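Some questions and answers about a structure follow. Please look at the sequence and the 3D view before reading on.

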Amino acid sequence: MSLVESPERPAATAPRPKAPALRRRHRMQRLRTLGFLSPWLVGFSVFFGYPLLATVYFSFMHYNQIQQPSFVGLRNWKYVFTQMPLFGPALWNTLWLVVVMVALRVVFGLGIGLLVTKIKSGVGFFRTAFYLPYLAPPVAATVAFVFLLNPGTGPVNEILEAVGIPAPGWFNDAAWAKPSLVMLSLWGIGDLMVIFMAALLDVPKEQYEAAELDGAGAWARFRYVTWPSITPIVLFAVVTGVVQTMQYYTQALVAGKLASGVTIGPGTVIQPGYPDHSTLTVPQLVYSLGFQNFNTGAACVLSLVLFVIAMAVTTLLMRKRAGLLPAED
Amino acid sequence: MPRPRMRICLSAALAGAGLILSGCANPSVGSDRDDPTQPVTLKFWHGWSNQAEVKAVDDSIARFEKLHPNIKVKTVNNVTDETVNQALRAGGDDAPDVVSSFTTNNVGQYCSSGMWVDLDPFMKKTGMEKTKVFPKTFLDYTSYQGSQCALPLLADSYGLYYNKDAFKEAGIERPPRTMSEFKRDAAKLTKRKPDGSYERAGFVPNFRLYQNSPDRLFAQWGPTYFDKKGKAQLARDPRSKQFLTFQRELLDAQGGYAALEKFRTKFGDEMSSQSSFMTQKAAMHLDGEWRGLMLKEGKAKFDWGSAPMPVPDDQADTYGRGYLTGTVAGIAHSSKHQNAAWELLKFLTADTDQVVRFANAIHNVPSTFAALRSPELDADPSFRTFIDIARNPHSQAMPPSINGGQYITALQDFSYNAEAGKVPDLDKGLRELDAQIDADNLQSVN
C-alpha cells in the first residue's frame, strides 16, 4: 500500500472545501443568530459582565470613589477575612435567613396554596386576603411590624402579657430579631401562594380520582400525586428564594434602625444590625462599606463572596435539583 | 475561533475594560478662578428640615443676597451626608457649590479626599485670620492634617437636663458635679414599682438611648483617641477603662443593665412628647442645647433646669466641660464658582450679626468668638449653660479621622458589649479595639 495518496483522490477525512455560496449562507446564518441574541448580549454585558469585571478589578484596588484607584494587591481580601469583625456575624445572619426563611416561606406558601385551593366558600375573599400583604411596600410593612411588636407600647405584647404569656423583645432582642423578620416575610407570602396555587390547580384531577379508587389517603395523595407534579415549582421557589434572601436588605435595615429608637437625622451615625448585629446582613455591610465609608475595595470583596456563595448554592440546587426531581442522566 | 485570534480579542477586551474602569475615577473638577462680582447662581445643600429651621436658613440667604445682589442662592434642605458624599463623587451640573454636614465625623474624609476644598487660600485672599475668628476646638474639628476644608456653622454642646421637681422630692439640692455624686443622685432618684419595674430612673445611661452614644459620655473624661502617629490609643489611656467601669457602676446603682435596657425599649420617640425626660420616666437626661426649646414648646409639666454633665472625681477642676460637635460647611471640589461660594460661606460662618441671628433662630450655639460674646445672644439661662460649655477650654470634640466616623462606630460596638457585661477583660478588649481601629484606618490610606 502506498503511503502517498493519489492526487486525484482526496483523503477520506479531509473536509471538503465549501462552496463560497454555502460559506456565505453559514455566515449570514451566524450573523442572524447574533442579531437575535444581541439585545440579551448587550444587556448581559452592560448589566452583568461589566459590573462583575469591575467588582473583581476594584477588589484589588484602593479606591475612595474620588481619587484615582491604586493597586493594593490582596489587602482588601485580607482586611475582609481577618480584620473585619462584622463579616462573620453578617455572613452567619445571611446564611441563617437563607436556610430558615426560604424553607419556612416555601412550606408556608405551599400550605396556604393548598388551603385556598381546597376551601369551598369565600374563595375570592381568602385568596385576596392572603395576597394583599404582598402588595404592601416593604418599608411600610416593616414599620408597621416594628410598631406592632414594640416591647413597650406594641399591642401584641400587651395582649400576650394580658393572657399571662411572657412577651418577647421581638426586634429589640438579639435572639428574636431574625425570627421576627421571618414572621414579616411569612406575612407577605402572597407571591408564593399564587405560584403554588397555579401549580396545584394544574395537577390533573383524574390522577386524584385514580388514587382515591386505589384507596390512597390524603397524605398518600399529596405524596404520590401532588408532590411529583409541583416539584419543578418548588425548585423554582427555592432557587429564587435563595437568590432573593442573599440580597436581603430593606426590611432588616429598617427594622434595626426603627427598633434601636435612635432618631435618624442628617448627622446621625447608625451602624446597621441592631440589636447586637443580629439583623446585619452582607448586603447591608456592602452598602455601609461602599457608600458610607467609601471603602470600595472591601465592599467589592464582600460582593464577590456573596456572588460565589449564591452561584454555588444555585448550581448545587440545579444540579441535584434539591432532591426534588430525579436527576437527569 | 482560532486560538491566536481569541487571545487577541480577550486582551483587547481586558485592556478596554481596564481603560473604562480607570475612567470611573475622578469626576468633574471645579474652579477657583471665577469673579465673585459677576452674576452667578449658587447651590447650597444643608440638612435642616424642620419648618422653623428651614425658614431661618432662607432668611439668612435673603440677607446674603441683599448684601451680594449679583449672587443668587438655591437651597436644598434635608440633605444627609450620604447624599452629599454620593453627589460630590458623581459630579455634574446639579452638584452643590456650598455644602454642609450635621456631623463633624466626616471632616477627615472630606479633607483627605479633596472632596471639600482647602479654605486657607480663600481666607488668605480675603484677609481672614481664622484663629482670631473661631475658637481652637471648632477649628480642630473642621480641619484634618493641615487642610482646613470646613468651617463651623454653629455648634452643639451637650449637657445635663434635670427635673427640679424630682430633685426636690428626693431631697437633692443641686445637679451633680462629680461622677460619685452623679451615681448617688441617680440611685436616689430611681423609683421602682412593687413588681420591680421602673416608675422612674435617675439617669438611663444605656448607650443606645437617644443621644447617649459612648463618645458623648466619654468626653467628660477628656480622652485622647489617637497618639501623635495617628495610632489608636484607647487601651493605653487609663480613662477608657475608668469610663467603661463607671458605666457599669452607674447601671448597677439603678438596677442593672438588663432591667434598664428593658425600660429603655418602652420609651417613646426621642423628638416626641413621649420621650423619657418629657414623660418623667428619667429624672436626668443628656442632650444638646436644642432640648430646652423643645421642653418649652412641648410645655413640660414639671420644673426643669440645665447644667454641665458631671466630671470624674479626680478631674473636678474641669467641671463645666462637655461634648462639642456642630454643623460644618465647606465648598465642593466640583464647584465652578468657588470664589462666589466662599463669599456665601464666609457670610454664613463668620459674619457676627448673621451668626447670632441664626443661632437665636434655631437655638444653636454660635461658633465665633465675637458671636459667643454678643449681647444680642439669647439670654435664657438654660441656653446660656450650653454657651458656657462651648466656651469651656476642657470641652471636647471628636478628632477627625481619614475614614469619617468609622472609629466611633467601632467604639460604639465595643461599648455596647462592655456595658452589657460581655467583655470580661476590658484591657484585652480595648487592645483589640485599638487594633481594629488601626486596621480600619489603614484600609482608607492610599
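Q: How many bridges join strand 5 of chain B to strand 6 of chain B, and in which direction do the two strands run?
A: This is a predicted model. Strand 5 covers residues 191–192 of chain B, and its partner is strand 6. The number of bridges between them is two, and the strands run antiparallel.

Q: Which residue in strand 6 of chain B does B:R192 stand opposite?
A: Strand 5 and strand 6 of chain B are joined by bridges. Across this pair, the residue opposite B:R192 is B:Y198.

Q: In the hairpin of strand 5 and strand 6 of chain B, which residue takes a positive phi?
A: The hairpin has five residues between its strands. The residue with a positive phi, near 95 degrees, is B:G196.

Q: What is the bridge partner of B:F203 in strand 7 of chain B?
A: Strand 6 of chain B is also joined to strand 7, residues 282–288, by two bridges. These two strands run parallel. In strand 7 of chain B, the partner of B:F203 is B:M284.

Q: How many residues of strand 6 of chain B are buried?
A: A residue is buried if 20 or more other C-beta atoms lie within 10 Å of its own. Strand 6 of chain B spans residues 198–203 and is mostly covered. Of its six residues, the number buried is five.

Q: What percentage of the residues of chain A count as buried?
A: Chain A has 13 helices and two strands. Of its 329 residues, the buried share is 34%.

Q: At roughly what angle do the axes of helix 3 and helix 10 of chain A cross, and what is the handedness of the crossing?
A: Helix 3 of chain A covers residues 87–118, and helix 10 of chain A covers residues 218–246. Their axes come within 9 Å. The angle is roughly 145 degrees, and the crossing is right-handed.

Q: How many residues in the contact of helix 3 with helix 10 of chain A are nonpolar?
A: Helix 3 of chain A brings residues including A:L97 and A:V98, and helix 10 of chain A brings residues including A:V238 and A:V242. Four residues of this contact are polar and one is charged. The number of nonpolar residues is 10.

Q: How many residues on the side of chain B that touches chain A are polar?
A: 40 residues of chain B are in contact with 34 residues of chain A. Elements that give two or more residues to this side of chain B include helix 1 (3–22) and helix 19 (426–444). By class, this side has 10 nonpolar and seven charged residues. The number of polar residues is 23.

Technical notes
Residues numbered from 1 in each chain as written. Chains lettered and ligands numbered in written order. Predicted model: local features only at pLDDT ≥ 70, side-chain atom pairs only at ≥ 80, totals over all residues. Contact = placed C-beta atoms within 7 Å. Helix = DSSP H or I, 4+ residues; strand = E, 2+ residues; numbered from the N terminus. Nonpolar A, V, L, I, M, F, W, Y, C, P; charged D, E, K, R; others polar. Buried ≥ 20, exposed ≤ 12 C-beta atoms within 10 Å, placed from the backbone. Pairing = 2+ DSSP bridges. Axes fitted to C-alpha atoms, helices over the stretch in contact; angles between N-to-C directions. Left-handed = near helix turned anticlockwise from the far one by under 90°.
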